[in-house]
Amino acid sequence: MTHVGITAPPAVGWDIHCHTVFSDGTETPLTLLEQAKSRGLQGVAITDHDTTAGWPDAETAATQVGLPLLLRGTEITADDCRVSVHMLAFQYDPDNAQIREMFANTRDARLRRTKRMVEHIAEDYPITWQSVQAQAHEGLRTTIGRPHIADALVAAGVYRTRSEAFAGVVSTSSKYYIPTPSPTTHDVVGAVKAAGGVTVIAHAGDLSRNRRLLSDEQIESLIAEGLDGLEVWHRGNPPQQRERLLAIATAHDLLVTGGSDWHGKGKPNELGENLTDEATVREIARRGVLPLFGA
Ligand SMILES: [Zn+2]
Ligand SMILES: [Zn+2]
């Protein structure tokens, strides 16, 4: 099997890596679909962090806007021997018991971790668990985390902006920091497979996110367990890493995807700046348990 987009980034196609207000994006699924249509994209995927909560709104929006092609996905944060890995999971059954349990365990562990961080910070700064919870605004239906702690510190007058808080008390090098508990990459591949979905490692060559990247061997062991593809066309992957990832994809006949990692006004990434070709999107839809929405 050959995939059209394998040697060069496709000029037309689908943007299958997009965030909305259901995680850390600033725009609704409706705005995502409207902008995709006005930019002439063939389709998009909604891939909020660790949740499927935005899927129903995205489906309604796709029908409303008349952009027929929508992949339903999630960007799942995972750990692989202390390398933090983002995995895109597409077209899986959101009601599958195994994947629901994985998400529920992650949410519980993260909530406990955030509460512990707040307890420590509250010993030295004027915030409380209530004041942190009060920062989770409508639409942001993800687990309370560091952004909310940062906003509570701003509301208490400790910092002027969220970024200042992230550079201070909330930073990963602060004494209050506790790492985010995540499932392993192996758990994610297994759970997504069990739920009938397709997994792709997001921005696997992004050195600005990770000091250490997944090795070829780590990627190959996930391929052996059923990993479907690699996101090669992403602004975070430098040219050398794109070459490395393409070589792995070619050797193992993996899907090669592209996406903007759009966050609305939350990041400079432009919707549609990186794309996935039609043949690959069709193959993702063929492998997944959900039909391509609107097709
Ligand atoms: Zn990511
Ligand atoms: Zn992302």
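**Figure 1. The nonpolar cores.** A nonpolar core is a set of buried Ala, Val, Leu, Ile, Met, Phe, Trp, Tyr and Cys residues joined through side-chain atoms within 4.5 Å. Buried means under 20% relative accessible area, exposed over 50%, and partly exposed in between (1.4 Å probe, protein chains only). This is a predicted model: local features need pLDDT of at least 70, side-chain atom pairs count only at pLDDT 80 or more, and totals for chains, interfaces and linings use all residues. Residues are numbered from 1 along each chain as its sequence is written, chains are lettered from A and ligands numbered from 1 in the order in which they are written, and side-chain values use heavy atoms, with hydrogens and water left out. The largest nonpolar core has 49 residues. Leu 33, Ile 201, Ile 219, Leu 227 and Leu 230 touch the most other members. Helix α2 (residues 55-65) gives the most to this core, with five residues. Helices (H or I, at least four residues) and strands (E, at least two) are DSSP runs, numbered from the N terminus. Another core, of 17 residues, lies apart from the largest one. Its members include Met 117, Val 132, Ala 150 and Val 170.

**Figure 2. Surroundings of Ile 219.** Contact here means heavy atoms within 4.5 Å. Neighbours within four places in sequence are left aside. Ile 219 is then in contact with Ile 201, Leu 214, Leu 227, Leu 230, Arg 244, Leu 245 and Ile 248.

**Figure 3. Helix α5 and its cover.** Helix α5 spans residues 146-155 and is mostly covered. Seven of its ten residues are buried. These are Arg 146, His 148, Ile 149, Ala 150, Asp 151, Ala 152 and Leu 153. The cover over them includes α3, α4 (129-133) and α6 (162-167). Just after α5, Gly 157 takes a positive phi of about 85°.

**Figure 4. Arg 113, a buried charge without a salt bridge.** Arg 113 lies in helix α3 (residues 97-122). Lys and Arg count as positive and Asp and Glu as negative; His and the chain ends are not counted. A salt bridge is a side-chain nitrogen of Lys or Arg within 4 Å of a carboxyl oxygen of Asp or Glu. For Arg 113, the nearest side chain of opposite charge is Asp 50, 11 Å away. A polar atom of the Arg 113 side chain does lie 2.9 Å from the backbone oxygen of Ile 178. Not counting residues up to four places away in sequence, Arg 113 touches Arg 146, Tyr 177, Ile 178, Pro 179, Thr 180 and Pro 181. One of these, Arg 146, is among the buried residues of α5.

**Figure 5. The Arg 110–Asp 50 salt bridge.** The two side chains meet at 3.0 Å, N to O. The pair links distant parts of the chain, 60 residues apart. Arg 110 sits in helix α3, and Asp 50 in the loop between β2 (43-49) and α2. Arg 110 counts as buried because its relative accessibility is 11%. Asp 50, at 15%, is buried too. Phi of Asp 50 is near 55°, a positive value in a residue other than glycine. Most residues other than glycine have a negative phi.

**Figure 6. Salt bridges around Arg 287.** The count for the structure comes to 15 salt bridges. Arg 287 forms one with Asp 228, the closest N and O atoms being 2.9 Å apart. This pair links distant parts of the chain, 59 residues apart. Arg 287 is in helix α10 (residues 278-287), and Asp 228 is in the loop between α8 (216-224) and β6 (229-233). Arg 287 is partly exposed, at 27% relative accessibility. Asp 228 is buried, at 6%. Arg 287 also forms a salt bridge with Glu 283, with the closest N and O atoms 2.8 Å apart. Both residues lie in helix α10, four residues apart, about one turn of the helix. Glu 283 has a relative accessible area of 9%, so it counts as buried. Salt bridges that share partners join Lys 193, Asp 228, Glu 283, Arg 286 and Arg 287 into one network.

Figure 7. A disulfide is a pair of cysteine sulfur atoms within 2.5 Å. A search of the whole structure finds zero. Cys 18 is buried, at 0% relative accessibility. Cys 81 is exposed, at 57%. Cys 81 is found in the loop between β3 (69-80) and β4 (83-90). Its phi is positive, about 50°, although Cys 81 is not a glycine.

Methods. A polar contact is a pair of N or O atoms within 3.5 Å; within protein, one must be able to donate a hydrogen and the other to accept it, and residues adjacent in sequence count only if both atoms are side-chain atoms.
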